[in-house]
Amino acid sequence: MVPEKMEFFIDANRCIGCKACFQACSECDTHKGVSMIHLETIDRERSVQTVPVVCMHCEDPTCAQVCPADAIKRTPDGVVQTARKSRCIACSNCVLACPFGVPKMESGRGASVSGFNLMMKCDMCYDRTSVGKKPMCATVCPSGALFYGTREQMQKERPRSRPINEFRFGQQTVKTKVNVLVPRDSALEQLKVTDALGSQPDILLLGMYQEEEP
Amino acid sequence: MSKLPVAPEQLEAHYGPHLQFPGGKHLQSGLEIDRLVKTHCCFCGQQCGIQLKVAHQQVVGFEPWEDFPFNRGMLCPKGIKRYLQGGHPDRLLTALQRDPAAAGGFRPLEYPQAIAQTAAAIAKIQEQHGFAAFGVLSGASLTSEKAYLMGKFARVCLRTPYIDYNGRLCMVSAGAANKKAFGVDRGGNPWSDILGAELIWISGANVAECAPITTHYVWQAREQGARVVVVDPRVTPLARTCDLFLPIKPGRDVALFNGILHLMIEKDWLDHAFIEKYTVGFEKLAESVREWTPRRTAQVCGLNQKLVEQAAEWWGTASTSFLMHARGIEHHSHGVQNVLGAINIVLASGRIGRENCGYSTITGQANGQGGREHGQKCDQLPGGRDISNPEHRAHVAGIWGVAPDDLPQAGVDAYELFRKIDQGEIKGLLTLCFNPKVSLPDSEFVARCLDKLEFYAAIDFFLNETAQHADIVLPGSLQEEDEGVVCSAEGRVIRIRKAIDCPGEARQDWRIIQDLAAALKRPQGFEFQHPGQIFDELRRASQGGVVDYSGITYEKIEASYGVFWPCPSEEHPGTPRLFEPDSWNVVARGQGPFYFPDGKARFQVADYSPPQEEVDEEYPLILTTGRVISQFLSGTQTRRIGPLAEMHPAPWLEVHPQLAAKLGLKAGDTALVESRRSSIELTTKVVNTIRPDTVFVPYHWAGRESINRLTIAAQDPISKIPEYKACAVRVRRLEHGS
Amino acid sequence: MTRERWNAGMLALTATLLLAFAIAAGSRDFHNFDAALIGYTFSTLFATFGVAYRYAMWLQRPPTAMYWRRGWTVFFRPGHLLANCRVWLHRVLGEFAANEFIFRRSKRRWLTHMLLMWGCILASAVTFPLVFGWIHFATDADRLDFYRVHVFGIPTFAFPTESLFGFLLFHALVWASFLVIAGCLMALRRRLRDAGAQALQQFAEDWAPLILLFAISVTGLMLTASYTWMKGYGYEFLALLHAVTVIATLIWLPFGKFFHIFQRPAQLGVNFYHEVGGKETQQPCLRCDRPFASQMHVKDLMTVEKQLGFHYELDEQRHYQQVCPACRRALLGLSQGEAWKGISRDV
């Protein structure tokens, strides 16, 4: 069982796009050799902004609901497991339906597309977290964009930040086991993900940049 | 004549770089592990703790080492995939002899015969042309034991003054400036001092890609309310989220620091008490920055004046701060001046030598700090001692059991060593852990020099591009195949543990050196049985020096996750933070915290001069070079690790959209970049995140992909660091990329 | 009782009755039926009910129903039926008979699955017809050293009792058990050694089926050993033990991992669906404008999501389902970044 007090927190702002998470992920025993984490470069021409995306482990996972094969199960400790190999029929429903864009249709190295006929996704390193260790990605992440620990530890180390785990996509609210960090003083109760549809990454997120040519 | 034996393509076909991906044992889930070895990463100067998984005499993976305080299990992709060097198909398992008739240009040679032939060739050259006709080039990724032994081997066994190392390309500007200002060459603080700083200033350091773990320290400080100022021609990943970004024109850092100091004086943001009590030379310096008005500073630096003033205000009014810099300000023909400028604003603020107040260069190589402490530098002896100082010579000569007069005098820097080869003064060369053909500027000149050598022996574990010129290649060891210590960017001396034995005929590098000494019939002083014995001698050699290791033992390091030098006795706990007000050091002897007889730091006038090669009509753009996250230095290792090479398989050209439009370049176009020295074809990346007057190319690749064929061999007159960060180029679009 | 359950119950009942009828008819009104095997028959009937019930429930889930309907529609598209049949046969042989997709994942696991699968198929092919009385052997009246095979009571070919063919045929279950035991051992080895499998495995889901198959095979072999070499020592007990393992497996069939035997063929329908989707109009992403899936798939998912009670609609026209997965990941980063903007604008 994943200890109840251990939680996953993501602060994508910190991400430096180094792909340590991606490289470490494929060292995890439950999916050795294939990486489940996504490291998305949003628009390199405009900005160096990147975002690491792990499975958010929804309370009512859309992926499991739309799975025609009952292949995706949520454990009692709240971890949404990767597709059961015997059941998954590689229909891609989960890949297309996940609001966070997490599941992968795994083709295997050098294999043709969907050669494995299997969906795979992040299972929060169940081999590690279920025995009290940290997930690979959150252990190695050099920026702290991915953090796994207790809520107290998080609050102590990150007094500017506050975790939220509610997301809004259009009319749909999704609650997750994994948290993202927003400014402590902001009034946000949920992250309105689809409101960012018109947004583009900024060259600098917080600071100031010289606009005109000197 | 040490020319390439066969065409580069044939060499590559036989000796790589080939890519190794996880397979076999690497992919076995639940493979039974023989042991986990607590050691450190083999790549950069952060020296993250890591545990290597060993099964069947092979490193097959890693496990985070969360107890090690510096990185707490954190790693970058290089550390994560380093294990793929184990069992690599390119690994040199025998000695090789140059043989143009062999398919790959080399044929295997029995190890004893290779040693005998190498020794004979060295002896022949030295008999005919004198001891100084043979040169040694060493590296800053070696353990301190090996670095120490290389210095001793050159001076005592080969009796040549000509030894230098690739730290010359790394942080010597910082080292030289630190010695001038503080009297000691070491980062002033442990990284934990970053955490409580109110202001963090990062100049010329792509922290996210070159020192990734430091990112976490910066963010932890931000969470406690710190502001972050980044000065860089490019918006690096950490810069994206900083509070104030100064997109400086390459090579103008000293002007900025002088401008900051000008405003500090004008607004009286100075720590007068500190300046009075702990420094000398402020008046002269103040006079010299009078001309650096914000207006002029902004103009020279290519910055908006408001940004300069804002930065000065934040720096001037902070109560705690940490200033870091790296190669961005050091790789210049005035690199030492740039660093002195940085040190000046630190000293003027009085924010050094106490908690949360710090200054450091971020060393680049695995043993970037330790590799420059114990005598493989051309002008230096162990313990940070000076080879031209008679007292220092006498101490070391005593330890080595030779007459002080028998020790050669100072040699020359690594680049000058090649000029001496070019001029025919040096006729033979031994290299270890150095790939100058890729890493030195104007590298076609370096290749021509290699061709001129009468005899060249290389020790390495993969056949790097320089070693391809060798007459004899001796199969050396990977980091995980030997014991020893290194010194991290923080000044923390830590233990490298042996995880496995060398495969095949490969030997630990220090054994190869000792075998050579024996074959040269001068084995005295090269009869160690274990790196621990070398370390014990190193400790004695460093005793009483500035870089005093005498109180450090392997056991002590392991018991306390490293020991910070100076550590002059076994009871001494080490010195995490330098320059604390009441601290004692061997030079000041209680007079003050800095390493001068009066204990006071030196303000040094930091003169601005532009890069040696300014842009002009013919070559109108500034080329700056740097690293990427997944590759390391000349790429000998990382270009062979499949998952890392895949992240960045080839170099590219970064241009701003405005410049791209002017040049008619679009993303993905092939561009021809030309300097006065050579030209290169690169794929274009159009990005907002670079100055429009500057283009960037990463430098990890060899041959046609090597940007160092274009860079300039201009060097700082003091540190001799090459000017990698600025030279003039022109760029045009190629209709049909070849 | 919900409508779905009523439907499923009726279907399961029908299937069970059909099987019962087939047993009665196939054994010529129980003339060829071996009463000693009655326990097997009843557990098979139970399993039939269970499997059919669960299958029917499963088919009624919105996503499954959608695929079921679409799969058949696509398969029977006019003008494509012949080609589809050819592809279908190809896939049945490649993906199912030869387990090619498992081969691509891991050769060792492919061998494991092939051994288990073919062992079970062989054993079932022998056991069920015998139990149901659909096949029986009788000594030929004129040639006493010959056996004749009767299928549904109809005499077919005969073969010499003391022949290699006879030996192989009469010991078919032995060969099947060899395959299954080898497969079980390989699977057990993995479950004991593979750290990933150990983290995820559950007793009921992963261990129980292996234990059951192993137990059936071993007790079956012991039966053979008992009557071949040990003059029937402990035969009664062993027969009972064997029956218990088989019955337990049959009863477990609708619940645990074994159910994938019935679910898995749905993959064939999915393949046809994807093939047709690939040729039809693609859905461009609302954010990056790049096509990422077939419009049919996106629309079907929108329908399914609605049926399931999700509301991913953005407005009257736009639906979140029309944003590609990569852009969804980017949006997560962008929206979190937006929350932090201005935090440091004190300059």
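Reader: In which sense do E7(A) and strand E9 of chain A pair, and over how many bridges?
Author: In this predicted model, E7(A) and strand E9 (residues 191–192) of chain A run in the parallel sense and pair over two bridges, where strands (E, at least two residues) are DSSP runs numbered from the N terminus and two strands pair if DSSP finds at least two bridges between them. Residues are numbered from 1 along each chain as its sequence is written, chains are lettered from A in the order in which they are written, and local features need pLDDT of at least 70, with side-chain atom pairs counting only at pLDDT 80 or more, while totals for chains, interfaces and linings use all residues.

Reader: Which residue does A:Arg168 stand opposite in E9(A)?
Author: A:Arg168 stands opposite A:Lys192 there.

Reader: And in what sense do E7(A) and E8 pair?
Author: E7(A) pairs with strand E8 (residues 172–183) of chain A in the antiparallel sense, over eight bridges, and A:Ile164 has A:Val180 in E8(A) as its bridge partner. The two strands form a hairpin with two residues between them, and A:Gly170 in the turn has a positive phi of about 60°.

Reader: Switching to chain C, what secondary structure does it have, and why is it called spread out?
Author: Chain C has 15 helices (H or I runs of at least four residues) and five strands. Its radius of gyration, taken over C-alpha atoms, is 27 Å, well over the 20 Å that the globule rule (2.2 Å times the number of residues to the power 0.38) gives for 347 residues, so chain C is more spread out than a compact globule.

Reader: What does the C-alpha trace of chain C span along its principal axes?
Author: The trace spans about 100 × 50 × 40 Å.
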